Amino acid sequence: MPRFQGLVCSATLAMALPLALVLALGSLISSTQAAARAFFVFGDSLVDNGNNNYLVTTARADMPPYGIDYPTHLPTGRFSNGLNIPDLISQQIGSEPTLPYLSPQLTGERLLVGANFASAGIGILNDTGIQFVSTTFLLSFHRRSLTFDDLQVNIIRIYKQLEYFQQYQERVSSLIGEGQTQQLVSQALVLITLGGNDFVNNYYLVPFSARSRQFSLPDYVVYVISEYRKVLARLYELGARRVLVTGTGPLGCAPAELAQRSRDGQCAEELQRAAALYNPQLIQMINNLNGEIGSDVFIAANSNQMHADFINNPRAFGFVTSKVACCGQGPYNGIGLCTVASNLCPNRDLYAFWDPFHPSERANRIIVQQIMRGDASYMHPMNLSTIMELDSRTP
Ligand SMILES: *[C@@H]1O[C@H](CO)[C@@H](O)[C@H](O)[C@H]1NC(C)=O
Ligand SMILES: *[C@@H]1O[C@H](CO)[C@@H](O)[C@H](O)[C@H]1NC(C)=O
C-alpha cells in the first residue's frame, strides 16, 4: 500500500516537475558557473572513475584492495588506491567529483557538474584494447554469432565516448535549454588522457603484433598522432573550448614493464623510445590545431616530465621506491593484476606506483600540482591556474 501511494505520488509530481525543474536548474546553472565550471573527462584507465563497472569487460577495478584509501575505503572502479587525477582536478576547480557517465545516479542537476566518459583499456585507435573482452562474452559471441560491432560493448572506445558526450548534451538541453547547454559546455574544463594503451595494449601487446608488422615505430607514432588529431577536432566540434591533453608517462618505467621487459631494473627501452617519439609530436600537433582554430583551446600537459621527476628521484618526493608497485606480485610487484591475493604495501603514500600500471594517489597529487602550477616545461602554453584566472575574466 505505501508503495502504491508512492507511485501515485511521484506520477503526479512528474507532471508538475518539468517546469519547476527547468526554473530551478536555470537559476542553479548561473550560480554553479560562478562557483565552479563543469568538468568532462575522456580517456583510459588513468582517468576512468567507474564506467567499466557497468560493462562486460575484464578491465575493471571493482575489487579490493582498489579504493583502500578512498573516502569510503571501497573499490569504485578507479585504478587507484584512493583519488585519481580527475578527482583531484575537480577539487582544484572547486567542483564535486564527476560521476561516471554510465552511472544511473547521473541525472537531473547532477548532470550540470559534468561527466566522466573514460573507460579503462581504450586507446586512440579503435583496435586498441581488444583483449579486454571477457571470456564469457567471447563464448556468447561465438555461440550466437554476434557481429564484430557487438564486441565494441566491452569498453567504451573514444568515438563512443564522444557520441555519449553528444547524448549528454541532448539530455542537458532538455533540462536547461540548448543555449545554456552550449554555454555550460564551452565554459567547461575538459581532460583527455589517451595514448599509452596504443603502445602497451596494442603495438607492444604481443611480439609481432598486427600493428608492429604493419608499421615501424616512428611510422606508427605518426599514424596514432594523426588519428588523435581527428579525435581532438571532433571534441572541438562538440563544443569543448578548454581541453587539457596529457601525453604519455615514461611507459617503459611502469612496474609491469620492468617485470616483463627489463633485466636490470632500467626502464624498458622500446617503450621509452615510443614515449620519446610520441610526446613531442603530440605537442606539435596541438600547436598546429590551436593555430588553425586561432585560440589556445588545447593545453598540453607534459605527463612524461611530471612522472620522470619522481621516477628518477623518488626520495626527493617522499617515496621509498618508484620501481616496485604497492599492490601486485612477482618482480617489482609487476606481474598480473592487483587483487585481494596480491602483496599489498602498508603505506600507499610511500609508493609512486599503486599497481603495475597506475600511479598511487600521492603520485596523482604531484601530477595535479604540476598541472595547476607547473611552468612552461610542464604545461604548454599555460598551466591550469593561469587558465582559471584567464577564464574567470572572460564573460
Ligand atoms: C574508428 O571508429 C569510428 C566510429 O566507429 C569511425 O568513425 C572511425 O573512422 C574509425 N577509425 C578508423 C581509423 O578506422
Ligand atoms: C603557473 O602558475 C603559477 C602560479 O601558480 C605562475 O606563477 C606561473 O607563471 C604559471 N606558469 C605558466 C607557464 O603559466
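A residue is called buried here if 20 or more other C-beta atoms lie within 10 Å of its own, exposed if 12 or fewer do, and partly exposed in between, with C-beta atoms placed from the backbone. The model is predicted, so local features are given only at pLDDT of at least 70 and side-chain atom pairs only at pLDDT 80 or more, while totals for chains, interfaces and linings use all residues. Residues are numbered from 1 along each chain as its sequence is written, and chains are lettered from A and ligands numbered from 1 in the order in which they are written.

**The whole chain**

Begin with the complete protein in cartoon view. The protein has 14 helices and 8 strands; helices (H or I, at least four residues) and strands (E, at least two) are DSSP runs, numbered from the N terminus. Of its 395 residues, 44% are buried. Two residues are in contact if their C-beta atoms, placed from the backbone, lie within 7 Å. Among contacts with a separation of 6 or more, 71% join residues 24 or more positions apart.

**The sheet**

Select the strands next. An open sheet is formed by 6 strands in the order β2-β1-β3-β4-β5-β8, with mixed pairing; two strands pair if DSSP finds at least two bridges between them. The edges are held by β2 (114–116) and β8 (379–380), each with a single partner strand, so one side of each has no neighbour in the sheet.

Now select residues 39–43, strand β1. β1 is joined to β2 by 3 bridges, and the two strands run parallel. F39 is found opposite G114 of β2. In a regular strand the side chains alternate between the two faces of the sheet. On β1, F39, V41 and G43 lie on one side and F40 and F42 on the other, and all are buried. Because 5 of the 5 residues of β1 are buried, the strand is largely enclosed by the rest of the structure.

**Helix α11**

Move to residues 269–293, helix α11. The helix has 25 residues and reaches 36 Å from its first C-alpha to its last, close to the 36 Å expected at 1.5 Å a residue; the expected span is 1.5 Å times one less than the number of residues. α11 lies across β4, β5 and β8, running at about 165 degrees to β5. Axes are lines fitted to C-alpha atoms, for helices over the stretch in contact, and angles run from 0 to 180 degrees between N-to-C directions.

Which residues of α11 are buried? They are L271, A274, A275, Y278, N279, L282 and I286. An α-helix has 3.6 residues a turn, so residues three or four places apart point the same way. The cover over the buried residues of α11 includes α7 (196–203), α9 (217–237), β4 (243–246), α10 (255–261), β5 (298–301) and α12 (303–312). After α11 comes G294, with a positive phi near 85 degrees.

**Y220 in α9**

Select Y220, which is placed in helix α9. Y220 counts as buried because it has 21 C-beta neighbours inside 10 Å. Leaving aside residues up to four places away in sequence, Y220 touches Y203, R211 and F215. Show F199 as well: its C-alpha atom is 9.4 Å from that of Y220, and the two residues are 21 apart along the chain.

**Backbone exceptions**

Most residues other than glycine have a negative phi, and most peptide bonds are trans.

- F208, in the loop between α7 and α8 (210–214), is not a glycine but has a positive phi of about 60 degrees. F208 is exposed, with 6 other C-beta atoms within 10 Å.
- N333, in the loop between β6 (327–328) and β7 (343–344), is also not a glycine and has a positive phi of about 50 degrees. N333 is buried, with 28 other C-beta atoms within 10 Å.
- P65 is in the loop between β1 and α2 (85–93). The peptide bond from P64 to P65 is cis, with omega near 5 degrees.
- P381 is in the loop between β8 and α14 (384–393). The peptide bond from H380 to P381 is cis, with omega near 5 degrees.

**Ligand 2**

Finish at ligand 2. Around it are R373, D375, A376, M379, M382, N383, S385 and T386, a residue being near a molecule if its C-beta atom, placed from the backbone, lies within 6 Å of it. This shell has 3 nonpolar, 3 polar and 2 charged residues. Ala, Val, Leu, Ile, Met, Phe, Trp, Tyr, Cys and Pro count as nonpolar, Asp, Glu, Lys and Arg as charged, and the others, Gly among them, as polar.
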